[in-house]
Amino acid sequence: MLLLAVFCCLLHTLLVPSSAQSDSNQPVIQLRLAGEKKKHYEGRVEVFYNGEWGTVCDDDFSIYAAQVVCRELGFTGAESWLPSAKYGKGEGRIWLDNVHCTGSEKSLAHCESNGFGVSDCKHSEDVSVVCSSKRIPGFKFIRNQANSQEGLTVQVEEVRIRATYSHRKRIPITEGFLEVKDGGKWRQICNEDWNQMNSRVICGMQGFPGEKRFNTRPYKLLASRRKKNYWGFSINCTGNEADLSDCKLGREIEKKGNSTCGKGMPVVVSCVPGRVFAPSVSIGFRKAYRVEQPLVRLRGGAMIGEGRVEVLKNGEWGTVCDDNWNIRTATVVCRELGFGSAKEALTGARMGQGIGPVHMNEVECSGFEKSLTECYFNPNSLGCSHEEDAAVKCNVPAMGFHNRLRLSGGRNPYEGRVEVLGERNGSLVWGTVCSDSWGTMEAMVVCRQLGLGFASNAFQETWYWQGDSSADAVVMSGVRCSGTELTLEQCLHHGKHVVCPKGGGRFAAGVSCTMTAPDLVLNAQVVEQTTYLEDRPMYALQCAHEERCLSGSADKADPSSYRRLLRFSSQIHNNGQSDFRPRASPQSWVWHDCHRHYHSMEVFTHYDLMSLNGTKVAEGHKASFCLEDTYCDEGIQKRYECANFGAQGITVGCWDTYRHDIDCQWIDITDVKPGDYILQVVINPNHEVAESDYTNNIMKCRSRYDGHRMWTYNCHTGKRDLFTLSPKRLNRFRFN
């Protein structure tokens, strides 16, 4: 029997693969991601070995090595890797060089290399990785070395705030026991070493700008009655981290069964929601809150809590340059706007290019500022273009918006008949939305509520989409949205008394959504520089009169009389993320025989002359008889040309110019008296085509007319905010 046991043991040794044999002989390491990050799952690769943190050289590094690093940190994989210290130079030793991985290794230490500490690299060659944001299900954090606690970051699968039973119906959940998921199991954290800065980070991750105190008595009572399962470590956050994975691991908690955390109890966190996300006990939600006198805003984002960062200075909105832009600075922006910490700091105009000045560059924040305007920046740094506009993606609370709305019958998840969960005969049922007055603004709210980005089309007939037959009845009608609402319920509608003459069925409202959209902006300077008056005889305006480009008095005018026209050029840029295309297909374009061209959009722009109190005194309009790429930025190819009945549109990075000397490029001011006026131009006024930002579709100029000449000055795009800031708010600016 003894001989048989020895034989079996020897046989087992011979059959075990060599890699498994060597695993026990491999050096044991810990990893972390460090440096100036733009999202928490990326950074410079740092290795803890032999009691010291060091870096990895980029020589021979590959995506396979990046996969090993990311999986060792608990992520599902790697998206990319970056050489040449892209997240800043590390310090200390360069532990690994010439790393060769197959991608199947369990640890970076198992990959071939020159050996630990053998390197001819400098820290300018430190390698970095970008991991997938998804965590490995069931991933369990293991501290491999007793001395690696210092500097080691927290790596857990998931984090949540678990509300008490009485608070679980509240939306959003702002208070409860903190739990982390490790090894596939939810565990509590002992509060013996817990502090306010830790709570601040947790609240930020959950979409809340801050933390607050709470009544501990009911939680102590609940904790004494519950079975507890503590995580094995404490946590040390400084408070300016955007994610728990950026916090340092604290001391190890000794497991003593029920006696674990004997001097404390499970951590409880209480957060302050932004005003947009004020909690509600009922199924409804509070109206979208409009912040008064904002200093910072987001524009061009497809989702709630994301967009291009714009700041207000001297009554003019401008952008922020992406030099030194990182997740800590982005978190200041997110918290200021009532969101949580930042998920990602975006560079390179990823949310479209802004207009106007670039107000801030090389911004540096500590992470505790109440406003981006309190952060240091370099006022002398010039030369930043809008191609470098900074943007953010913020953590937002789980509101369950998508649970009350769905798209049905579409060919893909981004389109379909709109179905809402509404009340009928005292119970909640799925039903359709009446399509009367259904348009782009309403569709925009639907797409945003579902997290599907922007609307590409709004449909008033959906007979070709076979939705759920049990949801055919109309449960919502009279919907009117401004486009800023978070949910369709926040829009004006008829309430419980549904009125829909056409009924549902084939006339139910529908949408199609897209993650990118165009953004048209009029060049205000071109308008200001090209404005002039022309007196033109009626007999030379027959085609323009036919297309209703003259004022009403022209209908009775003598053919030999003259019309006074305020002419100007318009240069319309597409600063968005997708091409601007007419909604109507070429087959449905309208032919105008007089001018011998098609109109792809009957009303592309409105031209108005208004009194200083906003009363319209003269108007004009421009049909898009030719949407094309007149000029493009360097490196961008023209795609649209009207010649030979070609495709119409405006490519991203290109602009369409309507010269001052073409028909209808004017306002007929024949009947206008001398005085001071406002010249207003509105692009895409009926919102016929969806855009990422409609606020910059308006351009206004001050104008003075003396009966013979017209002076046009102070032209600006967008709704300029000329309110007076209080001295307290003015003191918050570091602007020079």
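Two residues are said to be in contact when heavy atoms of theirs lie within 4.5 Å, and helices (H or I, at least four residues) and strands (E, at least two) are taken as DSSP runs numbered from the N terminus. The structure described here is a predicted model, in which local features need pLDDT of at least 70 and side-chain atom pairs count only at pLDDT 80 or more, whereas totals for chains, interfaces and linings use all residues. Residues are numbered from 1 along each chain as its sequence is written, and side-chain values use heavy atoms, with hydrogens and water left out.

The secondary structure of the protein amounts to ten helices and 39 strands, and its C-alpha atoms fill a box of roughly 120 × 70 × 60 Å along the principal axes. Of the 736 residues, 53% are buried, where buried means under 20% relative accessible area, exposed means over 50%, and partly exposed lies in between (1.4 Å probe, protein chains only). When contacts between residues at least 6 apart in sequence are considered, 72% of them join residues at least 24 apart.

The UniProt record, an unreviewed entry, places the feature "domain: SRCR" at residues 31–132, 161–272, 296–395 and 405–514; UniProt positions are given in the numbering used here, feature names are shortened, and annotations may be inferred rather than shown by experiment. In residues 31–132, the end C-alpha atoms lie 16 Å apart, and the span is 10% helix and 29% strand. For residues 296–395, the end C-alpha atoms lie 17 Å apart, with 10% of the span in helix and 29% in strand.

Helix H4, which comprises residues 196–205, is mostly covered, since eight of its ten residues are buried. These buried residues are Asn198, Ser199, Arg200, Val201, Ile202, Cys203, Gly204 and Met205. The elements that cover them include the strands S7 (158–162), S8 (175–182), S10 (210–211), S11 (233–236) and S13 (268–272), together with helix H6 (327–336). H4 is followed by Gly207, whose phi is positive, near 95°.

Strands are treated as paired if DSSP finds at least two bridges between them. S28 (residues 562–567) and S36 run antiparallel and are joined by three bridges, and Leu566 has Ile667 in S36 as its bridge partner. Another open sheet is formed by four strands in the order S26-S29-S35-S34, with antiparallel pairing; its edge strands are S26 (520–522) and S34 (631–632), each of which pairs on one side only. Three bridges join S26 to S29 (residues 570–574), and Leu522 has Ile572 in S29 as its bridge partner.

The structure holds 19 aromatic pairs, for which rings of Phe, Tyr and Trp (its six-membered ring) must have centres within 6.5 Å, planes under 30 degrees apart counting as stacked, over 60 as edge-to-face and the rest as tilted. Tyr49 and Trp95 form an edge-to-face pair, at 5.0 Å centre to centre and 85° between the planes. Because Tyr49 lies in strand S2 (residues 42–49) and Trp95 in strand S5 (residues 93–96), the pair ties together parts that are 46 residues apart in sequence. Tyr49 counts as partly exposed at 23% relative accessibility, whereas Trp95 is buried, with a relative accessible area of 2%. Elsewhere, ring pairs link Phe459, Trp463, Tyr464 and Trp465 into a cluster.

Most residues other than glycine have a negative phi, and most peptide bonds are trans. A cis peptide bond, with omega about -5°, joins Ile171 and Pro172, and Pro172 is placed in the loop between S7 and S8. Ala85, in the loop between strand S4 (78–82) and S5, has a positive phi of about 50° although it is not a glycine, and this residue is buried, with a relative accessible area of 14%.
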